[in-house]
Amino acid sequence: MNWTEIDENAKKWTREAGERIRTSFSKELMIHTKSSPDDLVTNIDQETEQFFIERIRKTYPEHQILGEEGFGDELDKLDGTVWIIDPIDGTMNFVHQQRNFAISVAVYEDGVGKIGLIYDVVHDELYHAKVGEGAYLNDTKLPQLEEVAVEKAVIGLNATWITENKRIDPTILAPLVGKVRGTRSYGSAALEMAYVATGRIDAYITLRLSPWDFAAGLILVNELGGKVTTLHGEPLDMLGQNSVFVSKPGLHEVISKDYLYKLKK
């Protein structure tokens with residue numbers, strides 16, 4: 001397996017897809033809803049996923065593809081080489097703001113992450129990692145993540161999880177919000193994981209992500225010494241929905257012990 005070639009092609013196709021998205025800004029979007037009125041998909045999401053699939057199928061016909069919009073393969077295991085793609089992570093931001101969204105592309109081999117790319121299209125920032133070779137923001141190598149105290153941490157957290165909701169008792173995370181230096185919510189899981197990798201935020205907590213949301217970010221954060229688990233501290237299910245807790249080293253253990261211990265499985 002020529003991973004250098006695959007990495008180069010993944011970067012090339014991701015940047016090309018980003019340029020196609022940028023040129024779409026002046027065009028009228030066709031917007032549809034999926035599971036709820038807030039779960040949006042546009043023609044650009046679908047066209048971007050098809051763009052990747054056409055190139056992967058032509059260049060690597062033996063590879064499989066897991067994509068958010070359903071144009072890839074139906075998989076019940078990650079045997080062989082699998083591309084995991086979110087053509088636009090943060091579609092609501094794309095529709096309403098034309099910013100704060102990203103393309104997320106990961107390549108796995110037999111369930112093990114090999115290449116992760118997160119591309120902030122508007123800011124032309126490509127976060128990328130090839131396992132064992134470090135992680136980069138464009139051409140700048142990122143330093144290993146360092147520990148930070150809870151009191152000095154800025155965490156990514158949607159206000160949904162500290163108000164009445166169907167997934168978690170809001171009193172579990174509210175004390176953490178009161179303890180940390182600040183919270184942020186960007187509306188794109190891929191970008192929030194990239195921001196943990198760069199140290200722009202120190203942790204990210206959410207309760208409902210699919211593999212295409214976190215597959216690339218998992219590789220980036222792991223490569224820099226961070227930790228990614230479910231809120232119960234378990235490995236992520238690469239074919240199912242997950243709660244996700246991403247953090248710098250040390251901080252992960254403290255938040256798990258002092259705040260997340262109340263969670264019931």
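Asp86 lies in strand β4, where strands (E, at least two residues) and helices (H or I, at least four) are DSSP runs numbered from the N terminus. The model is predicted: local features require pLDDT of at least 70, side-chain atom pairs count only at pLDDT 80 or more, and totals for chains, interfaces and linings use all residues. Residues are numbered from 1 along each chain as its sequence is written, and side-chain values use heavy atoms, with hydrogens and water left out.

Asp86 has a relative accessible area of 0% and is therefore buried; buried denotes under 20% relative accessible area, exposed over 50%, and partly exposed the range in between (1.4 Å probe, protein chains only). Leaving aside neighbours within four places in sequence, Asp86 is in contact (heavy atoms within 4.5 Å) with Glu68, Ala102, Ile103, Ser104, Trp212 and Asp213.

Asp86 is one of the residues that an unreviewed UniProt entry lists under "binding site", together with Glu68, Ile88, Asp89 and Asp213. Although these positions are spread over 146 residues of sequence, they cluster in space, with a largest C-alpha distance of 9.6 Å. UniProt positions are given in the numbering used here, feature names are shortened, and annotations may be inferred rather than shown by experiment.

Ile88 is also placed in strand β4, which comprises residues 81–89. Its relative accessible area is 1%, so Ile88 is buried. Not counting residues up to four places away in sequence, Ile88 touches Ile21, Ile44, Asp45, Glu68, Phe94, Phe101 and Ala102. Asp213, by comparison, is found in helix α6 (residues 211–223). Asp213 is buried, with a relative accessible area of 10%. Beyond its neighbours within four places in sequence, Asp213 is in contact with Asp86, Asp89, Ala189, Ala190 and Met193. A polar atom of the Asp213 side chain lies 2.7 Å from the backbone nitrogen of Ser210.

In helix α4 (residues 170–179), the residues Pro170, Ile172, Leu173 and Leu176 are buried. These residues are on the same side of α4 because they cover an arc of only 150 degrees around the axis, the arc being that of the directions from the helix axis to the C-beta atoms. The cover over the buried residues of α4 includes β10 (154–157), β12 (203–209) and α7 (251–258).

Two loop residues were examined for backbone geometry. Most residues other than glycine have a negative phi. Gln98, which is not a glycine, has a positive phi of about 55 degrees. Gln98 lies in the loop between α3 (91–96) and β5 (102–109) and is partly exposed, with a relative accessible area of 30%. Asp110 likewise has a positive phi, near 50 degrees. The position of Asp110 is in the loop between β5 and β6 (112–120), and its relative accessible area of 52% makes it exposed.

For the protein chain as a whole, the secondary structure comes to 7 helices and 14 strands. The radius of gyration is 18 Å, close to the 18 Å given by the globule rule for 265 residues, so the chain is as compact as a globular protein of that length. This radius is taken over C-alpha atoms, and the globule rule is 2.2 Å times the number of residues to the power 0.38. Along its principal axes the C-alpha trace spans about 50 × 40 × 35 Å. Buried residues make up 53% of the 265 residues. Of the contacts with a separation of 6 or more, 61% are between residues 24 or more positions apart.

Definitions and conventions:
A polar contact is a pair of N or O atoms within 3.5 Å; within protein, one must be able to donate a hydrogen and the other to accept it, and residues adjacent in sequence count only if both atoms are side-chain atoms.
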